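Hi there,

Here is the structure I promised to pass on. Have a look at it first, and then read on for what turned up.

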Amino acid sequence: MGMWLNKGGLPKLIVGCCLLVLIGPLQVAALEISDAPGKIIPVGDVDYHVLCTGSGSSSIILESGLGGNYLDWSLLQPLLSSDQVTVCSYDRAGYGWSSMGNKPRIADKTAAELVTLMQRMEIPRPISFVGHSYGGLIGIALSNQPSKPIDGLIFLDSMHPDQYERFKTGAGVDVPTNPNRAIIFSSPEVISYGLRKEDAKIAYQISRKDKVRSTLYNELRNIKESMNAIRNMEWDLLPSLVLVHGRRDWDAHATDGLMEDVWLSLQTDLAQRSGGEIIIIEGGHQLQLDNPAEVAEKISTFHLGIL
């Protein structure tokens, strides 16, 4: 999932750019806005889909990677929610049940939009922010917002602003950022990876929407601009935690092991620059789906520490 391969089988797009643009034979009923399980919260020109569970006096916000939506958290969110913690997943503008946002789609712009959305959500502080993959970049941008809207930052196998250069020089893998090449058409089995059967059909139908394809294309098109902005921000403004996948899935495509080694070095750098602890968890890039119990335990422990 999220890996685009050339004919020789060499990985061309690192996991961290989850590409969910599908065409396939699966027949499912069309989804309507009334089917959204959460609330629709209007902010300016965008209607955001937000799903909050739990009823506590502190909060955790879950931010998906490229092409993702609230379903990415369908196994983890119930484990985090309690009568002491409110947990909210949401669909970024253009994804899931949220309406299209203004372009370009850049990480620091998304962070600014999220600040306004959080004000409308009226969730209790302190707030821990969990950013998976591309969501980690949004987390850094959010921590640099003048209003200081979050109190802790958890990187969940996060992208790193230098990953494209490091994969090229350290592993000999040239990862393209041109969305004309990067957008793939995957099977329903790929898009439903790790999801419950009832959620798999929803994920497939969501991924076929034109707004999702357009948003994913635009986020990829502007990925280097997002990374350049994040690179120049402060990374150590908040308590932080770095959770990293431990299963060496990419060795199947790069038998020298260099891709996995470079990824771990990027995560180590992220931990050093943010001042956070790094923890390796068994599972692949989709840790919240591969090992939700251990991820939930690490996040909950961190969150308790900022209360």
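Before the helices, a word on terms: axes are lines fitted to C-alpha atoms, for helices over the stretch in contact, and angles run from 0 to 180 degrees between N-to-C directions. Helices (H or I, at least four residues) and strands (E, at least two) are DSSP runs, numbered from the N terminus. This is a predicted model, in which local features need pLDDT of at least 70 and side-chain atom pairs count only at pLDDT 80 or more, while totals for chains, interfaces and linings use all residues. Residues are numbered from 1 along each chain as its sequence is written, and side-chain values use heavy atoms, with hydrogens and water left out.

The axes of H2 and H3 cross at roughly 70° and come within 8 Å. H2 and H3 are therefore roughly perpendicular to each other (that is 65 to 115 degrees; under 35 is roughly parallel, over 145 roughly antiparallel, and the rest oblique). The crossing is right-handed, meaning that the near helix is turned clockwise from the far one by less than a right angle, with anticlockwise being left-handed. On the H2 side the contact (heavy atoms within 4.5 Å) includes Ala107, Leu114 and Met118, and on the H3 side it includes Tyr134, Leu137 and Leu142. Its residues divide into 10 nonpolar, 1 polar and 1 charged (Ala, Val, Leu, Ile, Met, Phe, Trp, Tyr, Cys and Pro count as nonpolar, Asp, Glu, Lys and Arg as charged, and the others, Gly among them, as polar).

H3 (residues 134-143) also packs against H9 (residues 223-231), at an angle of about 40° with the axes 10 Å apart. This pair is therefore oblique, and its crossing is left-handed. Tyr134, Leu137, Ile140 and Ala141 of H3 meet Ile223, Ser226, Met227 and Ile230 of H9.

A cavity is a set of points on a 1 Å grid over the protein atoms alone where a 1.4 Å probe fits but cannot get out, a pocket is an open set with protein on both sides within 12 Å along at least five of seven lines, and lining residues have an atom within 4 Å of a point. Grid points are joined across faces, edges and corners, and a volume is the space filled by probe spheres set on the points.

The second largest cavity has a volume of about 30 Å³, and H2 gives the most to its lining, with 4 residues. The second largest pocket has a volume of about 170 Å³, and E5 gives the most to its lining, with 3 residues.

Best wishes
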